[in-house]
Amino acid sequence: MTTRAQFIQRVRGEMAKTPGLFAARSADRPQEPGALAETIRRQLAERWPAALARFSEEFERVGGVLYRVADMEEACATISRIARERSAQRVVTWATSVLGAELEPRLRAGGLEVAGETAGLPGEAERSRFRHASAQADIGVTGADLAVAETGSLVVLSGPGKARSASLLPPYHVAVFGKGALVESLEQVGVIFEALHRDPGTMSGASISFITGPSRTADIELTLTRGVHGPREVHAIFVESL
Amino acid sequence: MANPVRASLLVTCLVDLFYPEVGVAMVRLLRRLGVSVDFPSNQTCCGLPLFNSGYHQEAARVARRTVRLFAHSEHVVVPSGSCAWMVKKEYPGLLKDDPALGAQAEGLGSRTYELSQFIVKVLGAPDIATDFRGRVTYHDSCHLLRGLGESQSPRQLLRRLPGVELVELPGADQCCGFGGSFSVRLPDVSAAILKKKLENAEATGADCLVACDAGCLMQMSGGLSRKGSRVRAVHLAQVLAGSDSR
Amino acid sequence: MSVGELKVPFVERAHRALNDRFLQEALNTATTRFMTLRHEAFQAFPQGEALRERAREIKEATLQKLDFYLEQLADNVERLGGHVHWAATGDEARGIILRLAQERGVKLVVKSKSMATEEIELNEALEHAGITPVETDLGEYIIQLAREKPSHIIAPAIHKTKGQVAELFSRELKRPLAADPEVLTKVARGELREKFLQADMGITGANFAVADTGTVVLITNEGNGRLVTTLPRIHVALMGMEKVIPSMTDLMVFLSILPRSATGQKISSYVTLVRGPRRPGEMDGPEEFHLIVMDNGRSSQLAGTLREALYCLRCGACLNVCPVYRQIGGHAYGYTYSGPIGILLTAMLHGNHAVRDLAHASSLCGACQEACPVKIDIPRMLIELREHLDRERIAPLAERLIFKSFARVLTTPALYRVLGRLGRLLQRPFVKDGRLGALPVFLRGWTDHRDLPPVAERSFRERWRELER
């Protein structure tokens, strides 16, 4: 069995043989990503309407549907309407600690069956319950940590109360976000990621997903088909009060 | 003219043996443009076929004698993008073991031009009178296009000819399938690639398919004549020289 | 294509592909579509050109400190609670995965598309050990059912018609299915969803691995990459060691150019960043995360002719623009990696003998280099590979003798002139209407398809005497 030391030794041995290489640098990383990320956030506090307009354009280009609402109450009504139009009954959501306490009761009041994620340390039974609920659910409701205008992507960081399955297993995904999530470009995402990783306390989950429109494939005769494994519809609700 | 531009022809083996009329057209054209032309008679081939097939020592031997043969040329003009590329881009590397020769090769490279580039960049794109008439389309040969980064000079020259209408060839920048020994090693693949090229050329409604490389010319004219097409493949020099090229 | 078919010479495999009418149509449609999408995507992205340069430099810079970045990656993966394994060969990589699966009683494995696992023929090994691997990328699922190899890096089943897929699915699921991509996709969703939920282990490749955060990056359009890394309790990622990149900032450069090069998308539908097993408090995600770093012939090219091939992002752009690939498709190449870059990777993984014929499956037109997001100089490396074939006496003796004699002719003008005249003499019986329509021996292939001009009655050098005046 090859050990790390042996493997690296072999690589080093071969590297030593390379003849004159050209000078090459990797990308220039921000010296103080935290400060730079803060600057970006501050600038976006001004510029967010333009970012939202661009996000809207790109998100719709990839097949997403964007709604703009005043507050969570209206957001819940929108979710209920999306559900009604699709004859959807079962909803799985991120924890109330993340999405706000009003979401679950409002959706229930709208006639939906809601399986919400519970906060705290889930045990095996809880995991299995949630997994089953997600697999059975018609709609998954999540937040979005970032909304990238350049590409129309929703970025979700997993963590306690922020299950991955909710945006993945149900055929309809609805993400709720506010202006604080808007960024303009992948480059800015890079800065924010650098900042997040610099400060280990900020990332409590093991997965980050960029979701750009519905799941799609063109593997049979190049015919574009949606919803092959992930959701076949992705909805994003921009909530002004968030 | 007090000091005419002087140019030596590197006529290439394909033009020498198969398309001498292209060489003749080039001589007459350049002379009309006031260039003093000479032809170092011991030249053979630039060695590209050897190089591309991996016979680099052998190609270096050919390069060595070509560099010496053209050591005193003011300019070297080549009617083939691929051969010009070979001299300009590959000779210096092939001969780098002998620093003096390597330097000479660099020098030769900087004085060597593919025909259309020579007319545009050295002669300053003078007006060219030709009795050639008709609708033409232009095929970018790969080495001229991607090796030497040239797509404009030939088009510029063609566009300015009064009796010539240039129509763009769909997929002009796609290979014709020649590739030197490739066309002999994998003849049916080469021919399948050619088929698309010719269909595109015929669809333009052009009378002539113009190229700046004798290799592409050989491939494309071979396919056109086999299918009995009314389109003819001609070298840029033949268009520019008109009936002078006979 | 099974490996046994490699006994058929390349020329014959190419010939068969040329005569497969459906394949021809499918290839033409698919490659043209991808080519157009890529072209349009970069036209609408003016900064793309600079980012390609940037990306190329990042790849080179990473290789120059590869030992450092690999160790940094390993440290960070371990810090996040993952396990790192080192595989010098494909054999060893297979062994590691089998051992992990067997020790944990794994029966069912779901996989997202990974060329690295194709490279080591992992599925065969798993099946042999009684473990069921299920490919979940739709295209990969199709070719797995058909027991074939991918014919394109990013569209593995482009050679199949919907009719063939319907037949395949109907046979497998024992019920008749319509030849409708929509229906077939839905059926596959249902089938595969069950597998996702049942599987004990998910196996992926890695499009990138970010050294300073210990992150494995997976890019898919279907979302199967997310499912494979979310549902099973064990996630194993197999990466070629050249996939490591320094930082998140670098990653963003690649995220901008890889999808555009592959499918013309600004970004693929799903980009999944995996940082070890799930954290405490997370509802889902795997309990165990294993990263296997694989060499398998790569290190031997760090200082070798094919170094630049280690920049490859596996986007498939060079396949789509290659005039040869566009005619013969992926299977004719006979190995896991096809197209122009595939020839280089095959040489890297299987040695130069494997590419004796393949090295010549290129007209050296340069379209591949032009399309490559990291501008890999594929034509140059093909030429250098050919040089090795001569030097290592892998090229056929007859060919080597012909070229060496040819060199003699080109360096001896008198001989060159004599041969020109000889050609003129010998061709006489074959000249008809001023062209050569049917020649014997090695030129037969040429004249089977097109004419050859005869050697001119008077060569240019003979005419020069009168031009000289």
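Reader: What covers the buried residues of H3(C)?

Author: Some ground rules come before the case. This is a predicted model, in which local features need pLDDT of at least 70, side-chain atom pairs count only at pLDDT 80 or more, and totals for chains, interfaces and linings use all residues. Residues are numbered from 1 along each chain as its sequence is written, while chains are lettered from A and ligands numbered from 1 in the order in which they are written.

Author: Helices (H or I, at least four residues) and strands (E, at least two) are DSSP runs, numbered from the N terminus. A residue is buried if 20 or more other C-beta atoms lie within 10 Å of its own, exposed if 12 or fewer, and partly exposed in between, with C-beta atoms placed from the backbone. The cover over the buried residues of H3(C) includes helix H4 (66-79), strand E8 (244-245) and helix H12 (248-263) of chain C. Among the buried residues of H3(C) are C:Leu51, C:Arg52, C:Ile58 and C:Leu63.

Reader: How many residues does helix H3 of chain C have, and what does it reach from its first C-alpha to its last?

Author: The expected span of a helix is 1.5 Å times one less than its number of residues. Helix H3 (residues 48-64) of chain C has 17 residues and reaches 24 Å, close to the 24 Å expected.

Reader: Which residues have the most contacts inside the largest nonpolar core?

Author: In soluble globular proteins, nonpolar side chains tend to be buried together. A nonpolar core is a set of buried Ala, Val, Leu, Ile, Met, Phe, Trp, Tyr and Cys residues joined through C-beta atoms within 7 Å. Here the largest has 308 residues, and C:Val217, C:Met239 and C:Val293 have the most contacts inside it. H12(C) supplies the largest share of this core, nine residues. Two residues are in contact if their C-beta atoms, placed from the backbone, lie within 7 Å.

Reader: In which sense do strands E5 and E6 of chain B pair?

Author: Two strands pair if DSSP finds at least two bridges between them. Strand E5 (residues 134-138) and strand E6 (residues 164-167) of chain B pair in the parallel sense over four bridges, with B:Glu165 as the bridge partner of B:Arg135. E5(B) also pairs with strand E7 (residues 208-211) of chain B, in the parallel sense over three bridges; there B:Tyr138 stands opposite B:Val210.

Reader: Which strands of chain A and chain C pair, and how many bridges are there?

Author: Strand E9 (residues 207-211) of chain A and strand E9 (residues 270-274) of chain C pair in the antiparallel sense over five bridges. In this pairing A:Ser207 stands opposite C:Val274.
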